[in-house]
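Student: Could you take me through the sheet of this model with some care, including how its strands are arranged and what packs against it?

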Amino acid sequence: MRMKQPLVYVSRKEHFNAAHKLYNPNWTEEKNKEVFGPCANVNWHGHNFELVVTVKGIPDPDTGFVVDLKRLSQLIKERVVNKLDHKNINMDVDFMEGKMASCEILVVEIWKILEAGLPEITEAKMHCIKLVETRNNYVEYYGE
Ligand code: NI
């Protein structure tokens, strides 16, 4: 009988600083303030974001790795972090154009980019992206 292959989850953490505001242009300033509070501040505010990307796969028998973490880090930096770091998410980031600059929307867009790029570096599959905005708030996305 063949041994069951172990499925292992591997995570890489990256950081970026970015500005944004939560603001729905279809609403009045009053309503924006009511719904988004200080996050609607017209002149922006910033966060030190933490991005944790988790992939899953079977360890390669030759390397023992599910994924080469150096290459995963490179992929995340080149496709995602470099586009966000020290940028204004509402104004500077091509893949967020015309979208609400919330963590929920951002994490889904990041997923799409990394899911498309991952097969270039590994047979592992995307499992989860966690995006930490503040000490108290973070979102997770599992591709559903
Ligand atoms: Ni914010």
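Tutor: What follows goes from the order of the strands to the helices on the sheet, and then to a salt bridge and a pocket. The model is a predicted one, and in it five strands form an open sheet in the order β3-β1-β2-β4-β5, with mixed pairing. The edge positions are taken by β3, residues 87–88, and β5, residues 138–141; each has a single partner strand, so one side of each is left without a neighbour in the sheet. Strand β2, residues 45–57, runs antiparallel to β4, residues 125–132, and the two are joined by seven bridges; in one of the pairings between strands, V55 has M126 of β4 as its bridge partner.

Helix α2, residues 69–84, packs on this sheet, where it touches β1 (8–20), β2 and β3, and its direction makes about 20 degrees with that of β1. Helix α3, residues 103–117, lies across β1, β2, β4 and β5, and runs at about 150 degrees to β4.

The whole structure holds seven salt bridges, and the side chains of E120 and R79 meet in a salt bridge at 2.7 Å, N to O. Because E120 lies in the loop between α3 and β4 while R79 belongs to helix α2, this pair ties together parts that are 41 residues apart in sequence.

As for open space, the largest pocket has a volume of about 270 Å³, and of the 15 residues that line it, I58, D60, F65, V66 and E123 lie nearest its centre. Sorted by class, that lining consists of eight nonpolar, three polar and four charged residues.

Methods: Residues are numbered from 1 along each chain as its sequence is written. This is a predicted model: local features need pLDDT of at least 70, side-chain atom pairs count only at pLDDT 80 or more; totals for chains, interfaces and linings use all residues. Side-chain values use heavy atoms; hydrogens and water are left out. On a 1 Å grid over the protein atoms alone, a cavity is a set of points where a 1.4 Å probe fits but cannot get out, and a pocket is an open set with protein on both sides within 12 Å along at least five of seven lines; lining residues have an atom within 4 Å of a point. Grid points are joined across faces, edges and corners, and a volume is the space filled by probe spheres set on the points. Ala, Val, Leu, Ile, Met, Phe, Trp, Tyr, Cys and Pro count as nonpolar, Asp, Glu, Lys and Arg as charged, and the others, Gly among them, as polar. Two strands pair if DSSP finds at least two bridges between them. Helices (H or I, at least four residues) and strands (E, at least two) are DSSP runs, numbered from the N terminus. Contact means heavy atoms within 4.5 Å. Axes are lines fitted to C-alpha atoms, for helices over the stretch in contact, and angles run from 0 to 180 degrees between N-to-C directions. A salt bridge is a side-chain nitrogen of Lys or Arg within 4 Å of a carboxyl oxygen of Asp or Glu.
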